[in-house]
Amino acid sequence: MSLQIEERIVNALLAHGRREEPNEACGYLAARDGVICRHFELTNIDAAPDHYSMDPAEQFAAIKQMREDGLQLVAAYHSHPETPARPSLEDIRLANDPDMIYVIVSLMAGVEPIKAFKIEDNDYRDLPLHILKKQ
């Protein structure tokens with residue numbers, strides 16, 4: 001299993017993370033034909049630099065919009081303002097959907113800015129993430 005994501009979405013996720021600094025940004029990623037082509041920025045109701053909780057009303061609205069637009073929810077994303085793009089112990093503990101893909105965006109200089117993971121059974125594994133450049 002691997003993920004394909006449009007480069008413009010990666011840039012939008014980085015911009016979202018920077019706007020929310022010093023707190024974590026969060027949201028959903030949606031795909032059409034297996035390619036992540038849309039992101040849904042959600043409010044981190046915890047407003048914290050080391051964890052997030054998505055606004056439930058915004059989650060429902062995003063899912064509804066995806067269905068209306070013929071998109072599939074493929075991942076949840078959040079930013080790490082000061083750490084690399086890898087699941088923290090809290091991320092692992094709070095990952096409650098083994099079918100969900102978790103994308104982490106790091107705002108830290110000198111590290112890979114975006115990575116994808118499957119998290120289950122208190123462990124995680126990297127998923128290949130292919131960034132599609134605009135032709």
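Predicted model: local features only at pLDDT ≥ 70, side-chain atom pairs only at ≥ 80, totals over all residues.
Asp 55 itself sits in the loop that links β3 (35-42) to α2 (56-68).

What about charge partners for Asp 55? Despite being buried, Asp 55 has no salt bridge. The nearest side chain of opposite charge belongs to Lys 64, and that is 15 Å away; a salt bridge needs a Lys or Arg side-chain nitrogen within 4 Å of a carboxyl oxygen. Once neighbours within four places in sequence are set aside, Asp 55 is in contact with Thr 43 and Ile 45.

Zooming out, the protein chain carries three helices and eight strands. Along the sequence these run in the order β-α-β-β-α-β-α-β-β-β-β. Of the 135 residues, 42% count as buried. Among contacts with a separation of 6 or more, 62% come from residues 24 or more positions apart.

Then there are the cysteines. A disulfide is a covalent bond between the sulfur atoms of two cysteines. Searching the whole structure turns up zero disulfides. For Cys 26, the closest cysteine sulfur is that of Cys 37, and at 20 Å it is too far for a bond. Cys 37 is likewise in no disulfide, with the sulfur of Cys 26 as its nearest, 20 Å away. Both residues are tucked away from the surface by the accessibility criterion: Cys 26 counts as buried because its relative accessibility is 0%, and Cys 37 counts as buried at 14%.

Cys 26 turns up again around a histidine. His 16 lies in helix α1 (residues 7-20) and is buried, with a relative accessible area of 2%. Not counting residues up to four places away in sequence, His 16 touches Ala 25, Cys 26, Glu 41, Leu 42 and Tyr 77. One of these, Cys 26, is the cysteine at 0% relative accessibility.

Key:
Residues numbered from 1 in each chain as written. Heavy atoms only, no water. Helix = DSSP H or I, 4+ residues; strand = E, 2+ residues; numbered from the N terminus. Buried < 20%, exposed > 50% of the residue type's maximum accessible area, 1.4 Å probe, protein only. Lys, Arg positive; Asp, Glu negative; His and termini not counted. Contact = heavy atoms within 4.5 Å. Disulfide = S-S within 2.5 Å.
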